[in-house]
Structures are given as C-alpha cells and as structure tokens.
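Reader: I have a model open and would like to talk through how its parts pack together. Could you take me through it, with the cut-offs as we go?

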Amino acid sequence: MSSLDQVFTLTSAISLLGVGAIGFIAAAGANALLPKNARWQDKFAFIWLAFDAMIHFSFEGSFLYLSVFGRSVNTSTGFFADLWKEYTLADARWGVSDPTVVSLELLTVLGAGPLCCYILNQIINNDPSRHYWIVVLCTAELYGGWMTFCPEWLTGSPNLNISNPLHLWVYLVFMNMLWVVIPLWLMRDSYGHIAGSLRQAQASAQAKKD
C-alpha cells in the first residue's frame, strides 16, 4: 500500500464527495427559492443553513443512530458506519459512543437541524425575526464546538490522531473551523440588523418626544 493510499482512501473520497454534493444542493436551493435581487448575505446564509441542516440530518443523524441504545460506530456495519469509522481515525471518541459527544449530537440533530429549517423558511419569506434565531443557532453551534474539543484539550488530547495530514487538516481543522468562522460571521451580520433596527426605533421614539 502506498503512502497516498494510507492518507486518502476510497472512504475518504466518498465522504468528501458527499459533503460537496450537499453544498451543491444547498446552492441550487438558494438559486431556486430566493429572489434574484436578494442580498448576497442572505443568499450566503441560506446556502450555509441548508448545508448545515443536511449535514446535521444525514451525517450527524446517522452517527446518532449508530451511537444510542447500546450501539456504537465501532461495532456497527454499513455505509454510514464505514464513513464514521474513517472519522474515528482522527478522533477516537466518535467510535465508542462517548457520552459528551452523543449528548451534543442529540442537541445538534434534534435541535439545531430543525432550527436551520425554520430559519430557511424565514429567509424565503424575508422575515426579519430570522436574525434573532440566527444568533441563537450560531451561539449554540459555537458552544457545541467548544464543548466537543475543550474537554479533550484539557486532558491532553488522548483521542486525537494528528499523524495523518488529511485527518488533521481536513477532518479536524477545516471541517470544524467552518462551524466557527461562518457562525461568527452570521452573528455579526445579524447583530448589525438587530442593533440598527433598535437604534432606528430609539431615534424615532426620541424624535416623537421632541
């Protein structure tokens, strides 16, 4: 087996193609469901939230199914079990139904996933209240990411394997940093809308008093 085969396997290719396909579907959904004159920020938010929801329901939903009621990824078989066994090469906790990871995924799949869909509907209907729910969702996802890795760092990262560059830079760094950088950007954009509206309302109220 060559060194390339050890770094990038067929399972690696299938999992990354699956992620890419989900991104394509999310972008197609934005083009089909949003008006042509929609703000680029709203289009980007739609694409991300659609991508986010599908990742939660498909990849993470399959992990959750494989990790409750006595099951675990390491003892399971099938397509999604093989995909998750690939990820366990980078973070072993995902193979043994780690209670912290499973608890976070319960909130992610059953809470964040449906909330993404709710916000998507608000974006389609141009409902400004979406900005509040975007802040709620992004705060939850940032907290979830922190609680996924902080306990591991504090104990010396015994379950993380960084010897494989694909596992380190794609699975652990890139894929997880997406759920840090983009939620922070979405929160900043929504903060601008919420704060701007409140300032405008305050100014209007002050003008009426004057």
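Reader: To start, which residues have the most contacts inside the largest nonpolar core, and how many residues does that core have?

Author: This is a predicted model, in which local features need pLDDT of at least 70 and side-chain atom pairs count only at pLDDT 80 or more, while totals for chains, interfaces and linings use all residues. Residues are numbered from 1 along each chain as its sequence is written, and side-chain values use heavy atoms, with hydrogens and water left out. The largest nonpolar core has 48 residues, and those with the most contacts inside it are Trp48, Leu49, Phe51 and Trp84. A nonpolar core here is a set of buried (under 20% relative accessible area, 1.4 Å probe, protein chains only) Ala, Val, Leu, Ile, Met, Phe, Trp, Tyr and Cys residues joined through side-chain atoms within 4.5 Å.

Reader: Which element gives the most to this core?

Author: Helix 3 does, with twelve residues, where helices are DSSP runs of H or I with at least four residues, numbered from the N terminus.

Reader: And what does Trp48 touch, leaving out residues up to four places away in sequence?

Author: Trp48 touches Leu178, Trp179, Ile182 and Leu186, a contact meaning heavy atoms within 4.5 Å.

Reader: Switching to Val19, is it buried or exposed?

Author: Val19, which lies in helix 2, is buried, with a relative accessible area of 16%. Leaving aside neighbours within four places in sequence, Val19 is in contact with Phe51, Ile55, Phe59 and Met175.

Reader: At what angle do helix 2 and helix 7 pack?

Author: Helix 2 and helix 7 pack at about 25 degrees with their axes 13 Å apart, the axes being lines fitted to C-alpha atoms over the stretch in contact and the angles running from 0 to 180 degrees between N-to-C directions. The two helices are therefore roughly parallel to each other, a term for angles under 35 degrees. Their contact is made by Ser12, Ser15, Leu16 and Val19 of helix 2 and Leu166, Val170, Tyr171 and Met175 of helix 7.

Reader: What about helix 3 and helix 6, which residues meet there?

Author: Asp42, Leu49, Asp52 and His56 in helix 3 meet Arg130, Leu137 and Glu141 in helix 6. The axes of helix 3 and helix 6 come within 13 Å and cross at roughly 45 degrees.

How values were computed: Buried means under 20% relative accessible area, exposed over 50%, partly exposed in between (1.4 Å probe, protein chains only). Angles under 35 degrees count as roughly parallel, over 145 as roughly antiparallel, 65 to 115 as roughly perpendicular and the rest as oblique.
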